[in-house]
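Let's take a walk through this fold, one piece at a time. Have a look at the picture before reading on.

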Amino acid sequence: MAIETKNVTEALDQIRPILQRDGGDIELVDVVDDVVRVRLQGHCAGCPGARMTLTHVVQQILAQACPDLKGVEAVE
């Protein structure tokens, strides 16, 4: 079963306030073959901890909302 964009958007809405506290944000770019592609914005875009944020925050929350998730990729 393919990941629904609605579920991804709702999960990102949960993550967004966490990132905004640090001057960042996240944008959904695309969902391809059950991989969610996002763009980190603001302070998150160049942050050295961005990879950890993607793995430990974004991917975990998205995996709960979308059990078929294969991964999360950051794009420029």
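Start with helix α1, residues 5-21, which lies across β1 and β2 and runs at about 160° to β1. Helices here are DSSP runs of H or I with at least four residues, strands are runs of E with at least two, and both are numbered from the N terminus. Angles go from 0 to 180 degrees between N-to-C directions, with axes fitted to C-alpha atoms, for helices over the stretch in contact. Keep in mind that this is a predicted model, where local features need pLDDT of at least 70, side-chain atom pairs count only at pLDDT 80 or more, and totals for chains, interfaces and linings use all residues. Residues are numbered from 1 along each chain as its sequence is written, and side-chain values use heavy atoms, leaving out hydrogens and water.

Now for the sheet: it's open, with three strands in the order β1-β2-β3 and mixed pairing. β1 (24-32) and β3 (71-74) sit at the edges with a single partner strand each, so one side of each has no neighbour in the sheet. β1 pairs with β2 (residues 35-42) in the antiparallel sense over eight bridges; pairing takes at least two DSSP bridges.

Helix α2 (residues 50-65) lies across β1, β2 and β3, at about 140° to β3. The axes of α1 and α2 come within 9 Å and cross at roughly 145°. Their contact (heavy atoms within 4.5 Å) includes L12 and I15 of α1 and V57 and I61 of α2.
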